[in-house]
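Subject: Structure handover

Hello,

Here is the structure you are taking over. My notes on it follow below the entry.

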Amino acid sequence: MIMLEAVYHRIGLNWSYAYNESTIHIRLRTKRGNVAQVQLVCGDKYSWDKYNESVAMERFAADGLFDYWQAAISPRFRRVVYYFALHEEAGETVYFLEKGFFDKPPTIRYEGLFDFPYLNPEDVHSPPEWVKEAVFYHIFPERFAKGDPSIDPEGVLEWGGVPSPTNFFGGDLQGVLDHMDHLVELGINAIYFTPLFAATTNHKYDTRDYMLVDPHFGTNEKLKELVDACHARGIRVLLDGVFNHCGHTFPPFIDVQQNGPSSRYADWFHIKEWPLKVENGIPNYATFGFEPIMPKLNTGNEEVKAYLLEVGRYWIGELGLDGWRLDVANEVDHQFWREFRREIKKVNPDAYLLGEIMHDAMPWLQGDQFDAVMNYPFTNIVLDFFARRRTDASQFAQSINSLLAGFPQQVTEAAFNLLGSHDTVRLLTLCGGNKRLMKLAVLFQLTFQGVPCIYYGDEIGLDGEHDPYNRKCMEWDPTKQDRELLGFFRRLITLRKAHPALRGSGLRFLVASGHPQLLAYERHDERDRFLLLLNNDETACSVTVQSGGLNGLWQDAGSDADVRTDEGTMQVALPGFGYAILHASGDIATEAIRLSAQYRPE
């Protein structure tokens with residue numbers, strides 16, 4: 001019996017959306033394992049008899065509770081009405097329309113069907129194409145590299161000392177310029193900088209002047225030189241926009257402190273009562289968290305809005321900037337972000353607008369606000385499996401599938417997939433110092449769709465607990481760097497950039513019986529297939545892989561495993577926390593690949 005209470009679909013969001021100017025994706029949810037096949041029956045509402053079709057839906061994901069089905073259609077007249085025919089193994093068929101469930105197909109096509117009224121090109125959410133090819137590198141400027149000692153802050157410490165929330169080591173823009181070769185050799189092609197504008201702290205999230213590069217980092221001209229140097233090397237640049245709040249030295253806030261309710265800037269902020277004060281650690285004015293030095297800006301105020309929009313436009317136009325990362329984006333009103341998007345895209349239609357949102361971000365990802373968000377749900381799924389050891393391979397696969405089903409495909413393609421940042425414990429530390437375990441997490445990140453981001457220093461083995469220890473000075477002495485780990489990052493980035501299959505949407509998780517910590521998955525497109533085996537366990541194991549007539553085509557694309565090909569099977573011996581990357585190329589149909597794996601402890 002088909003469990004109707006589990007069946008779900010609605011128009012819009014991640015269920016029915018325009019993927020591009022000619023293609024509509026339609027999705028359906030059913031109880032896991034309950035429905036054998038689904039047909040999407042669709043046609044033109046004004047001429048159904050002439051223009052209609054039945055499309056077999058693909059089961060593209062499954063989690064612990066549900067199967068998720070998808071069909072891609074290209075309606076001739078950009079509009080479509082549709083219903084679903086759900087088929088159970090035992091022969092039962094249920095027809096699902098907007099107006100309910102029925103045991104017979106509808107006879108009146110213009111009443112009660114789901115309706116996608118028109119595919120307007122202006123409504124298509126289209127993140128910049130370049131983002132799909134990007135590998136980002138996240139730089140915390142004060143700790144990355146020191147290039148110009150003449151602009152050091154007062155009391156600067158020797159490079160490489162113990163970090164604190166308040167100390168300075170003199171990292172600057174010239175330091176980044178001096179180490180461009182490292183970035184190029186690593187293979188990254190995009191940089192995200194935490195704030196560069198004038199502020200009092202080492203992190204610069206307390207902005208004093210939005211139009212001025214912090215003098216301890218350099219000048220506006222030096223930033224322009226850096227951006228030009230990055231562009232000359234094919235590297236895009238993203239700056240951090242702190243528009244939710246400013247710093248306590250921001251001139252309008254100083255005026256409010258001095259003049260109280262008579263200040264012309266009084267409505268620039270959310271003041272609860274006068275005079276301004278902090279009692280028991282809680283300010284009587286809105287702030288970021290409870291930080292008195294970070295008063296929240298009133299983005300509903302027209303003057304504030306005009307000022308911040310000008311800031312956004314100015315740096316995009318002045319530098320040829322490639323986008324903004326937008327801090328605490330979920331605490332700013334949606335209307336402001338809609339206007340921000342319109343203004344930025346006028347200056348640079350290819351600008352990447354990335355919001356910092358750590359929860360379900362669908363309300364911001366409908367094409368009218370952000371291109372993408374920092375994909376912390378992805379971060380936590382990966383860390384829970386590899387670093388925190390809280391889940392097994394099956395639970396991991398289900399969580400990833402649920403994530404994929406929760407967003408339109410183009411949103412996933414542009415999602416900013418990070419494993420660590422200046423706000424989190426370092427990846428190597430989370431992995432208990434186990435470099436092999438860290439490699440597995442990075443391997444999944446760099447072979448998954450979306451936009452991977454590497455936090456500075458992870459590639460050479462920097463560790464560190466939460467702030468401030470995750471903000472150590474970058475180590476530039478080659479004898480103190482983990483060069484083997486650096487080589488691993490370089491090889492994986494090179495492999496990712498060389499094969500679109502590792503960046504695209506073709507993904508299938510495989511069951512490896514007998515070993516709950518063996519993650520097996522396939523990445524594929526029209527030309528290439530990759531089989532990845534990740535042993536997320538300290539115990540070595542061997543895996544038998546059967547793939548029909550394709551065994552002779554598999555090549556080892558980069559493994560720390562012993563791979564042997566026999567007639568009809570492959571034997572893969574994985575060390576503890578080891579991995580195998582197997583590659584088959586050529587004109588291979590997806591249906592031709594059949595994989596099974598069995599676990600045998602060595």
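Lysine 204 sits in the loop that runs between strand 13 (197–199) and strand 14 (207–213). The model is a predicted one, and in it the phi of lysine 204 is near 70 degrees, a positive value in a residue other than glycine. Lysine 204 is also buried, at a relative accessible area of 2%. Asparagine 280 is not a glycine either, and has a positive phi of about 55 degrees. Asparagine 280 belongs to the loop between strand 16 and strand 17 (282–283). With a relative accessible area of 81%, asparagine 280 is exposed.

The bond from tryptophan 274 to proline 275 is cis, with omega near -10 degrees. Proline 275 is in the loop between helix 5 (251–259) and strand 16 (278–279). The bond from aspartate 467 to proline 468 is cis as well, its omega being near 15 degrees. The loop that holds proline 468 lies between strand 22 (451–455) and helix 13 (483–498). As background, most residues other than glycine have a negative phi, and most peptide bonds are trans.

Next, the cores. The largest nonpolar core has 116 residues, and Trp324, Phe386 and Phe444 are those with the most contacts inside it. Helix 12 (residues 435–446) gives the largest share of this core, eight residues. In soluble globular proteins, nonpolar side chains tend to be buried together.

Strand 1 (residues 16–18) pairs with strand 2 in the antiparallel sense over three bridges, and serine 16 stands opposite isoleucine 26 in strand 2. These two strands form a hairpin, with five residues between them. Strand 2 also pairs with strand 6 (residues 66–73), again antiparallel, over eight bridges. Threonine 30 has aspartate 67 of strand 6 as its bridge partner. Seven of the eight residues of strand 2 (residues 24–31) are buried, so strand 2 is largely enclosed by the rest of the structure. Strand 6 is joined to strand 5 (residues 58–62) by four bridges, and these strands run antiparallel. Across that pair, arginine 59 stands opposite tryptophan 69 in strand 6. Strand 5 and strand 6 form a hairpin with three residues between them.

The pairing of strand 28 with strand 31 (residues 579–585) is antiparallel and has two bridges. Aspartate 556 has leucine 582 in strand 31 as its bridge partner.

How many cavities of 30 Å³ or more are there? The count comes to five. The largest cavity has a volume of about 110 Å³, and its lining includes Leu365, Asn375, Phe407, Thr412 and Phe448. Helix 9 (393–405) and helix 10 (409–414) are the elements that give two or more residues to this lining. By type, the lining residues of the largest cavity are eight nonpolar, two polar and no charged.

The second largest pocket holds about 550 Å³ of space. It is lined by 25 residues, of which Tyr205, Phe288, Met294, Asp423 and Arg471 are the closest to its centre. The lining of the second largest pocket divides into eight nonpolar, nine polar and eight charged residues.

Last, the cysteines. A search of the whole structure gives zero disulfides. Cysteine 473 is buried, with a relative accessible area of 8%. Cysteine 42 is buried too, at 3%.

Regards

Notes: Residues numbered from 1 in each chain as written. Predicted model: local features only at pLDDT ≥ 70, side-chain atom pairs only at ≥ 80, totals over all residues. Heavy atoms only, no water. Core = buried A, V, L, I, M, F, W, Y, C linked by side-chain atoms within 4.5 Å. Buried < 20%, exposed > 50% of the residue type's maximum accessible area, 1.4 Å probe, protein only. 1 Å grid on protein atoms, 1.4 Å probe; cavity = no way out; pocket = protein on both sides within 12 Å on 5 of 7 lines; lining within 4 Å. Points joined across faces, edges and corners; volume = space filled by probe spheres on them. Nonpolar A, V, L, I, M, F, W, Y, C, P; charged D, E, K, R; others polar. Disulfide = S-S within 2.5 Å. Pairing = 2+ DSSP bridges.
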